[in-house]
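Here is a short tour of one protein model, written for someone who likes to look at side chains. Keep the viewer open as you read.

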Amino acid sequence: MYFDPPTEAQIAKIRDNTGYSEEHLEEAVKKIKNWLQEQPHLPNVHDDKRLKILYMHCKGRMKKVHESLDTYYSMKNIAHEILFDRDPLKPWFKDTNEICYYLPLPSLTDELCRVTLLGLLDPSLSKYNSKNVLRVAYMSHDVRYLNEFCPTDIYIMDCAQGSPGHITKYPFRMLKWIHDFGLLHVHRNGVGNLYDYVPQRIMPNEYGGEAGPLRDLWEKWQQNLILHRDWFLENDKYKTDESKRPRKS
(Lines give C-alpha, C1' and ligand atoms only; values in the text may rest on other atoms or scores of the structure.)
Protein backbone atom coordinates (compact mmCIF):
# COMPACT_ATOMS: atom_id res chain seq x y z
CA MET A 1 0.00 0.00 0.00
CA TYR A 2 1.43 3.38 -1.03
CA PHE A 3 -0.55 5.60 1.35
CA ASP A 4 -0.05 5.38 5.07
CA PRO A 5 -3.17 3.59 6.35
CA PRO A 6 -5.41 6.06 8.21
CA THR A 7 -5.66 5.47 11.93
CA GLU A 8 -9.02 5.08 13.61
CA ALA A 9 -8.42 8.50 15.19
CA GLN A 10 -7.83 10.08 11.76
CA ILE A 11 -10.95 8.50 10.30
CA ALA A 12 -12.97 9.67 13.29
CA LYS A 13 -11.55 13.20 12.93
CA ILE A 14 -12.37 13.30 9.20
CA ARG A 15 -15.92 12.23 9.95
CA ASP A 16 -16.15 14.80 12.71
CA ASN A 17 -14.75 17.55 10.47
CA THR A 18 -17.12 16.73 7.62
CA GLY A 19 -20.07 15.92 9.85
CA TYR A 20 -20.73 12.67 7.97
CA SER A 21 -21.15 9.42 9.87
CA GLU A 22 -20.66 6.12 8.07
CA GLU A 23 -24.43 5.68 8.08
CA HIS A 24 -24.87 9.10 6.47
CA LEU A 25 -22.34 8.26 3.75
CA GLU A 26 -23.98 4.92 3.02
CA GLU A 27 -27.35 6.61 2.67
CA ALA A 28 -25.82 9.23 0.37
CA VAL A 29 -24.32 6.50 -1.82
CA LYS A 30 -27.74 4.85 -2.14
CA LYS A 31 -29.23 8.14 -3.33
CA ILE A 32 -26.40 8.66 -5.84
CA LYS A 33 -26.84 5.15 -7.22
CA ASN A 34 -30.57 5.66 -7.53
CA TRP A 35 -29.94 8.88 -9.45
CA LEU A 36 -27.45 7.12 -11.74
CA GLN A 37 -30.05 4.48 -12.59
CA GLU A 38 -32.32 7.27 -13.78
CA GLN A 39 -29.68 8.72 -16.14
CA PRO A 40 -29.81 6.73 -19.40
CA HIS A 41 -26.77 8.51 -20.82
CA LEU A 42 -24.43 7.72 -17.90
CA PRO A 43 -22.63 4.44 -17.16
CA ASN A 44 -23.58 2.98 -13.79
CA VAL A 45 -20.33 1.31 -12.77
CA HIS A 46 -19.29 3.03 -9.54
CA ASP A 47 -18.08 1.39 -6.35
CA ASP A 48 -19.26 2.69 -3.00
CA LYS A 49 -15.88 3.97 -1.78
CA ARG A 50 -15.40 6.17 -4.83
CA LEU A 51 -18.84 7.66 -4.42
CA LYS A 52 -18.26 8.34 -0.72
CA ILE A 53 -15.07 10.28 -1.47
CA LEU A 54 -16.78 12.21 -4.26
CA TYR A 55 -19.66 13.08 -1.93
CA MET A 56 -17.23 14.40 0.69
CA HIS A 57 -15.24 16.36 -1.90
CA CYS A 58 -18.50 17.97 -3.00
CA LYS A 59 -19.25 18.83 0.65
CA GLY A 60 -22.49 16.86 0.60
CA ARG A 61 -24.05 18.89 -2.20
CA MET A 62 -25.93 16.35 -4.30
CA LYS A 63 -26.28 18.72 -7.25
CA LYS A 64 -22.51 19.09 -7.32
CA VAL A 65 -22.09 15.29 -7.13
CA HIS A 66 -24.44 14.85 -10.09
CA GLU A 67 -22.63 17.54 -12.10
CA SER A 68 -19.23 16.01 -11.28
CA LEU A 69 -20.27 12.54 -12.44
CA ASP A 70 -21.81 13.90 -15.61
CA THR A 71 -18.77 16.03 -16.37
CA TYR A 72 -16.34 13.17 -15.70
CA TYR A 73 -17.93 10.98 -18.35
CA SER A 74 -18.94 13.66 -20.84
CA MET A 75 -15.37 15.01 -20.89
CA LYS A 76 -14.28 11.68 -22.36
CA ASN A 77 -16.13 12.62 -25.54
CA ILE A 78 -14.11 15.85 -25.73
CA ALA A 79 -10.65 15.01 -24.39
CA HIS A 80 -9.87 11.57 -25.84
CA GLU A 81 -6.15 12.30 -25.82
CA ILE A 82 -6.20 12.77 -22.03
CA LEU A 83 -8.97 10.58 -20.65
CA PHE A 84 -8.61 7.52 -22.90
CA ASP A 85 -5.81 5.07 -23.72
CA ARG A 86 -4.46 5.22 -20.16
CA ASP A 87 -2.43 2.03 -20.28
CA PRO A 88 0.53 2.55 -17.90
CA LEU A 89 2.56 -0.12 -19.71
CA LYS A 90 2.69 1.87 -22.94
CA PRO A 91 5.83 3.92 -23.78
CA TRP A 92 4.14 7.32 -23.31
CA PHE A 93 3.70 6.60 -19.58
CA LYS A 94 7.38 5.92 -18.91
CA ASP A 95 8.50 8.80 -21.16
CA THR A 96 6.23 11.28 -19.38
CA ASN A 97 7.26 10.19 -15.90
CA GLU A 98 10.93 10.64 -16.72
CA ILE A 99 10.45 14.37 -17.25
CA CYS A 100 7.89 15.33 -14.59
CA TYR A 101 6.09 14.13 -11.49
CA TYR A 102 2.56 14.43 -10.10
CA LEU A 103 3.14 12.94 -6.69
CA PRO A 104 0.56 12.48 -3.92
CA LEU A 105 2.57 12.20 -0.69
CA PRO A 106 2.06 9.09 1.47
CA SER A 107 1.23 10.88 4.75
CA LEU A 108 -1.57 13.34 5.53
CA THR A 109 -1.06 16.76 7.07
CA ASP A 110 -2.04 17.35 10.69
CA GLU A 111 -5.31 18.79 9.33
CA LEU A 112 -5.79 15.53 7.37
CA CYS A 113 -5.22 17.00 3.91
CA ARG A 114 -3.55 15.08 1.08
CA VAL A 115 -0.58 16.96 -0.36
CA THR A 116 0.27 16.50 -4.04
CA LEU A 117 3.64 17.71 -5.28
CA LEU A 118 4.06 18.73 -8.93
CA GLY A 119 7.31 19.51 -10.71
CA LEU A 120 9.84 18.78 -13.46
CA LEU A 121 12.66 16.26 -13.50
CA ASP A 122 13.86 17.35 -16.93
CA PRO A 123 13.31 20.96 -18.12
CA SER A 124 13.67 20.08 -21.83
CA LEU A 125 10.74 21.62 -23.72
CA SER A 126 11.18 19.23 -26.65
CA LYS A 127 10.29 16.28 -24.41
CA TYR A 128 7.36 17.95 -22.64
CA ASN A 129 3.95 16.70 -23.77
CA SER A 130 1.24 18.60 -21.91
CA LYS A 131 -1.50 16.14 -22.87
CA ASN A 132 0.39 13.20 -21.41
CA VAL A 133 1.24 15.18 -18.29
CA LEU A 134 -2.47 15.80 -17.72
CA ARG A 135 -3.21 12.18 -18.51
CA VAL A 136 -0.95 11.04 -15.66
CA ALA A 137 -2.49 13.68 -13.37
CA TYR A 138 -6.02 12.41 -14.01
CA MET A 139 -4.86 8.81 -13.58
CA SER A 140 -3.40 9.74 -10.20
CA HIS A 141 -6.62 11.47 -9.24
CA ASP A 142 -8.67 8.39 -10.12
CA VAL A 143 -6.44 6.02 -8.16
CA ARG A 144 -6.64 8.25 -5.12
CA TYR A 145 -10.43 8.06 -5.21
CA LEU A 146 -10.15 4.27 -5.24
CA ASN A 147 -7.79 3.99 -2.32
CA GLU A 148 -8.23 6.60 0.37
CA PHE A 149 -10.55 8.34 2.77
CA CYS A 150 -9.47 11.98 2.53
CA PRO A 151 -11.73 14.81 1.35
CA THR A 152 -9.27 17.73 1.26
CA ASP A 153 -6.33 18.53 -1.04
CA ILE A 154 -3.28 20.78 -1.09
CA TYR A 155 -1.33 21.08 -4.36
CA ILE A 156 2.26 22.35 -4.38
CA MET A 157 3.96 23.20 -7.66
CA ASP A 158 7.76 23.27 -7.68
CA CYS A 159 8.60 25.72 -10.48
CA ALA A 160 12.38 25.55 -10.07
CA GLN A 161 12.91 24.01 -13.52
CA GLY A 162 9.82 25.43 -15.18
CA SER A 163 9.66 28.19 -17.78
CA PRO A 164 7.00 30.20 -19.64
CA GLY A 165 7.57 27.76 -22.49
CA HIS A 166 6.03 24.97 -20.46
CA ILE A 167 2.88 27.01 -19.88
CA THR A 168 2.50 27.74 -23.60
CA LYS A 169 2.38 23.99 -24.22
CA TYR A 170 -1.13 24.06 -22.74
CA PRO A 171 -4.09 25.27 -24.83
CA PHE A 172 -6.45 27.50 -22.86
CA ARG A 173 -9.00 24.74 -22.27
CA MET A 174 -6.29 22.60 -20.65
CA LEU A 175 -5.32 25.44 -18.32
CA LYS A 176 -8.97 25.52 -17.24
CA TRP A 177 -8.80 21.79 -16.42
CA ILE A 178 -5.63 22.37 -14.39
CA HIS A 179 -7.41 25.16 -12.49
CA ASP A 180 -10.24 22.75 -11.70
CA PHE A 181 -7.91 20.70 -9.52
CA GLY A 182 -8.01 23.50 -6.94
CA LEU A 183 -5.84 26.20 -5.43
CA LEU A 184 -2.08 25.94 -5.94
CA HIS A 185 0.34 27.37 -3.36
CA VAL A 186 3.29 28.70 -5.39
CA HIS A 187 6.36 30.05 -3.55
CA ARG A 188 8.71 32.09 -5.74
CA ASN A 189 11.84 32.06 -3.58
CA GLY A 190 12.52 28.66 -2.07
CA VAL A 191 10.03 27.16 0.35
CA GLY A 192 9.12 30.53 1.87
CA ASN A 193 6.20 30.02 4.25
CA LEU A 194 5.33 26.64 2.72
CA TYR A 195 5.54 24.92 6.09
CA ASP A 196 2.77 27.12 7.41
CA TYR A 197 0.53 24.95 5.23
CA VAL A 198 2.34 21.62 5.20
CA PRO A 199 4.34 19.87 7.96
CA GLN A 200 7.92 19.54 6.78
CA ARG A 201 8.20 15.94 8.00
CA ILE A 202 5.79 14.58 5.33
CA MET A 203 7.79 16.15 2.46
CA PRO A 204 10.49 14.37 0.42
CA ASN A 205 14.06 14.51 1.71
CA GLU A 206 14.97 17.14 -0.88
CA TYR A 207 12.64 19.56 0.93
CA GLY A 208 14.08 18.77 4.35
CA GLY A 209 11.37 16.21 5.03
CA GLU A 210 11.40 12.62 6.19
CA ALA A 211 9.29 10.84 3.54
CA GLY A 212 12.29 9.60 1.54
CA PRO A 213 13.98 10.64 -1.72
CA LEU A 214 11.60 12.22 -4.22
CA ARG A 215 12.58 9.89 -7.06
CA ASP A 216 11.99 6.84 -4.86
CA LEU A 217 8.53 8.10 -3.92
CA TRP A 218 7.77 8.87 -7.56
CA GLU A 219 8.82 5.38 -8.61
CA LYS A 220 6.57 3.84 -5.95
CA TRP A 221 3.62 5.95 -7.10
CA GLN A 222 4.19 4.91 -10.71
CA GLN A 223 4.16 1.28 -9.64
CA ASN A 224 0.90 1.95 -7.81
CA LEU A 225 -0.63 3.28 -11.03
CA ILE A 226 0.62 0.23 -12.92
CA LEU A 227 -1.03 -2.04 -10.35
CA HIS A 228 -4.34 -0.42 -11.36
CA ARG A 229 -3.83 -1.13 -15.06
CA ASP A 230 -6.84 -3.42 -15.33
CA TRP A 231 -9.04 -0.74 -13.79
CA PHE A 232 -7.80 1.88 -16.29
CA LEU A 233 -8.41 -0.43 -19.25
CA GLU A 234 -11.92 -1.19 -18.01
CA ASN A 235 -12.63 2.48 -17.29
CA ASP A 236 -11.70 3.34 -20.89
CA LYS A 237 -14.95 1.67 -21.95
CA TYR A 238 -17.18 4.14 -20.13
CA LYS A 239 -18.34 7.56 -21.28
CA THR A 240 -21.62 9.35 -21.80
CA ASP A 241 -23.93 8.22 -24.58
CA GLU A 242 -25.08 11.64 -25.72
CA SER A 243 -27.80 10.13 -27.93
CA LYS A 244 -29.54 9.03 -24.72
CA ARG A 245 -29.12 12.25 -22.73
CA PRO A 246 -32.53 13.52 -21.57
CA ARG A 247 -33.46 16.81 -23.16
CA LYS A 248 -33.99 19.73 -20.84
CA SER A 249 -37.60 20.82 -20.74
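## Before we start

In this report, buried means under 20% relative accessible area, exposed means over 50%, and partly exposed lies in between (1.4 Å probe, protein chains only). This is a predicted model, in which local features need pLDDT of at least 70 and side-chain atom pairs count only at pLDDT 80 or more, while totals for chains, interfaces and linings use all residues. Residues are numbered from 1 along each chain as its sequence is written, and side-chain values use heavy atoms, with hydrogens and water left out.

Helices (H or I, at least four residues) and strands (E, at least two) are DSSP runs, numbered from the N terminus.

## Aromatic pairs

Let's begin with the rings. Y20 and Y55 are both buried. How many aromatic pairs does the structure hold? There are eight. Rings of Phe, Tyr and Trp (its six-membered ring) pair if their centres lie within 6.5 Å; planes under 30 degrees apart count as stacked, over 60 as edge-to-face and the rest as tilted.

Y72 and Y73 form an edge-to-face pair, at 4.9 Å centre to centre and 90° between the planes. Y72 counts as buried at 18% relative accessibility, and Y73 does too, at 2%. Elsewhere, ring pairs link Y2, F3 and W221 into a cluster.

## Charges over rings

A charge sits over a ring if NZ of Lys or CZ of Arg is within 6 Å of the ring centre and within 35 degrees of the ring normal. R50 lies over the face of Y72, 5.6 Å from the ring centre. R135 has its charged end over the ring of W92, at 4.1 Å from the centre.

Is α3 mostly covered or mostly open? It is mostly covered, with seven of its 10 residues buried: R50, L51, K52, I53, L54, Y55 and M56. These buried residues pack against α1, α2, α4, α7 and α11 (229–235). Contact here means heavy atoms within 4.5 Å.

Two packed helices are described by the angle between their axes and the distance between the axes. Axes are lines fitted to C-alpha atoms, for helices over the stretch in contact, and angles run from 0 to 180 degrees between N-to-C directions. α3 packs on helix α7 (residues 130–147) at about 105°, with the axes 7 Å apart. That makes α3 roughly perpendicular to α7 (under 35 degrees is roughly parallel, over 145 roughly antiparallel, 65 to 115 roughly perpendicular and the rest oblique). On the α3 side, the contact is made by K49, R50, I53, L54 and H57, and on the α7 side by D142, Y145, L146 and N147.

S74 is found in helix α4 (residues 62–74) and is buried, with a relative accessible area of 16%. Leaving aside residues up to four places away in sequence, S74 touches T240, E242 and R245.

G119 lies in strand β2 (residues 114–120) and counts as buried at 11% relative accessibility. With residues up to four places away again not counted, G119 touches C100, Y101 and D158.
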